[in-house]
Amino acid sequence: MIVDKKYDVCVIGSGAGAGPVIYELSKAGYSVLVLEKGPWYRTKDFSKDEMAATRRSVYTPNLKDEPQVIEDLNEQGEWEAKSTYETGRDFWNGNCVGGSTNFMSGYFARLKPVDFKLLSTYGEIEGANLADWPIDYDDLEPYYEKVERIVGVSGKVVPHKYLEPRSTPDFPYPPLKENIVSSWIDQAAAGLNIQTIPLPRAILSKKKGDRQSCYYSNFCGSYGCSSDAKGSSRVALIHEALKTGNCTVIPNAKVYYLETNGRYQLQKAWYYDADGQKKSIEARVFVVAAQAIETSRLLLMSKNKEFSNGLANNNGQVGKNLIFSGGGVGGGDFYYDELDENLAKALAKPGVFVNRTIQDFYELVHPKTHQKIKGGTIDFLFEHANPVSKAIREKWDEDGHLRYGKPLKKHLHYYFTKLRKLKFEIFVDWLPNDNCFVSLDSHVKDKWGDPVAKIRIGHHPHDIMVGEVLAEKAKQILVKMGAHNIYAAISGAPPNNLQAGGCRFGNNPKTSVLNAQCQAHEVSNLFITDGSFMPTGGSVTYTWTIYANSFRVADILKQMLK
Amino acid sequence: MLQFPFWQACQNTNNLDKTSPSLQQAILSGVLNILFPTFDKTPDIRQINAVYHINRYLTDPLIDPDEQQFIINGTKWLNESAHENFKTDFLQLSAKKQQKLIQIISHESWGESWLSKLLTLTFEALLLDPVYDININECGWKWLQHLPGRPRPDQPNIYPDILDRKKENIIITGLEQL
């Protein structure tokens, strides 16, 4: 296998940050090469197999081959580093063509204008490295709309207090079918003077080209989609790019080094192929979108005379201000035997969605200072139908003791057949801070012998305070609905799939890695288009914003390559 | 039911010399029957092929060898606990005393972890797709009224065969190649 051509664009990664660049530049007639570290799983390779989806390392690397190191506070209050090979806790997501967009639930929300100006709107917070974005909501709005059309977002726009400005009146795809519980949430929330909103999803509710409508499989998040309704980068964008004849994808190509030419310009990407052989390719422009942690790692690994601290890192900012989505989860149980038979059947109906979100609390009043502070979002959803995962969560009783024997079997039968759990997820800003960053571990290596990412995961206590306010609101709704066993768990533990920052963009080259165009301040033919660019993350999931920004950067690249 | 006589392959013989593979298998079966007993026509260990599933886990080259060894070591440690508490082998104990011993070790750190791991593997045998030669005739799904998603997994896209895609050295330039 020989690749000796010089491409216009080399894209490293193939998920949400990569797909729009691949799509737009291929369609514009530029030669695009995609280097993806994972394999190409086709739609027909996916099934609703819990073994492959969650029980074994199929869509993520084996941690023996590719560990990471996580640095967390121990009981003594000291930072303690542990290999993920020891703990089993890691930050890998969807290592395959299309990346984690293959396995997302597709809960989509735009950032709001205030999210671009967090610092100037609410002021400094001690211990947080807040920064305004160098662009405004208006700069991104046309690209949010583009994602709705091209990737496909279904939903219904309803007026509400924090509705972000839109250039179109409604979504191009109508809302997906809903479970009866959605109307119960609406009623309970209305009784508390809280407005619920239909939750947009990156899932087609009607056919689009080669992609079929959602068939309500009941196994969406964590699973590849078998109808291509889910707006993965693979089916929505890379398939289309391949049709142009301008796009080449090399799966199982792990990029480990970006080489400059001695004049602050990138000239080659070096990668290991599926056989572990070292290969390189040349391109005019390089776009890195390997998901935030691995993007920072790649830059830090790419050291040379010009960049002794890593590529584009002479200011020491690469890897800094990593962020996640703050918040937590909660839920409550509804017992079938307390309901009319028809209502119980409707509640138990699998497949159809809950799709309710609340943004009434996107801004709050601080309980002590009484100043306005940024709040967040509440999403409602059913407990995932994965049966093994459900059973594992029921392994311990209320006192924390292991269940086994007859009590276990009786409890499992009761849990699976007599109730349905409605959950909520809280999304708040993860304040960037000095104790949340990526560096290279000096001891642990991956299977290729390269240093792995060391991730310090410190959170700001403000995140917990905001999360708990929102969790109380969500719990009140569940109480009003008559749920049992209501709980909430807000913590500073980061979710592994919602990561951003590390190469923040900004106008000041001393405090940011990228400029407003997501172009490296120090390397003019290096662009970063995954979530790494985000200085703050808003109080929603990131994927729509990453998709939109990548479309924005694609337009910039088209101008540059002319 | 499939049964694989391959525990020997997993063993570090230095620290397991007093507990033979066949004895370990017997202890494991005994423990699984306590964790997930037969009653009221609920699926039992044999119907879900749990021992086969655990044996396959123990010989899976993609599973952390330390985790595999921990499962095997647990049978040895349980037998040692039987001697400490009742002066005899686990398998020689009455059903009541076996239950008591499981209760005792469930409050010890290693014991809780070991039993928890066995329960996780039992749940997999109960509730993963029967394509893996477990959950025979969907007995686990039927018992818990679980509806599987579709499409169901089939060869060659089941674990571990699906991982062969990770070994492909290919260049994709058109959809027709997929």
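Two strands count as paired if DSSP finds at least two bridges between them, and the strands and helices themselves are DSSP runs numbered from the N terminus (E, at least two residues, for strands; H or I, at least four, for helices). This is a predicted model, where local features need pLDDT of at least 70, side-chain atom pairs count only at pLDDT 80 or more, and totals for chains, interfaces and linings use all residues. Residues are numbered from 1 along each chain as its sequence is written, with chains lettered from A and ligands numbered from 1 in the order in which they are written.

**View 1. An open, mixed sheet in chain A.** Four strands line up as β4-β3-β17-β16 in chain A, with mixed pairing. The edges belong to β4 (79-83) and β16 (436-445) of chain A, each with a single partner strand, so one side of each has no neighbour in the sheet. From one strand to the next, the twist averages 30 degrees; angles here run from 0 to 180 degrees between N-to-C directions, and axes are lines fitted to C-alpha atoms, for helices over the stretch in contact. Strand β3 (residues 69-73) of chain A pairs with β4(A) in the antiparallel sense over five bridges, and A:Glu71 has A:Ala81 as its bridge partner in β4(A). Helix α8 (residues 292-301) of chain A packs on the sheet, touching β16 and β17 (451-457) of chain A, and its direction makes about 60 degrees with that of β16(A). Contact means that the C-beta atoms of two residues, placed from the backbone, lie within 7 Å.

**View 2. The β7-β8 hairpin of chain A.** Strands β7 (residues 254-260) and β8 (residues 266-272) of chain A run antiparallel and are joined by six bridges. A:Val255 has its bridge partner in β8(A), namely A:Tyr271. Five residues sit between the strands of this hairpin, and A:Gly262 takes a positive phi near 90 degrees.

**View 3. A:Tyr216 in its loop.** This tyrosine lies in the chain A loop between β5 (197-198) and α7 (233-243). The C-alpha atoms of A:Tyr216 and A:Leu176 are 9.1 Å apart, although 40 residues separate the two along the chain.

**View 4. Crossing helices in chain B.** Chain B has seven helices and zero strands. The axes of α2(B) and helix α5 (residues 95-105) of chain B come within 11 Å and cross at roughly 80 degrees. That's why α2(B) counts as roughly perpendicular to α5(B), a label for angles of 65 to 115 degrees. B:Gly30, B:Val31 and B:Ile34 in α2(B) meet B:Gln98, B:Gln99 and B:Ile102 in α5(B).

**View 5. Where chain B meets chain A.** Here 49 residues of chain B are in contact with 48 residues of chain A. On the chain B side, α2 (21-35) and α6 are the elements giving two or more residues, and α6(B) has the largest share, with eight.

Terms used: Parallel < 35°, antiparallel > 145°, perpendicular 65-115°, else oblique.
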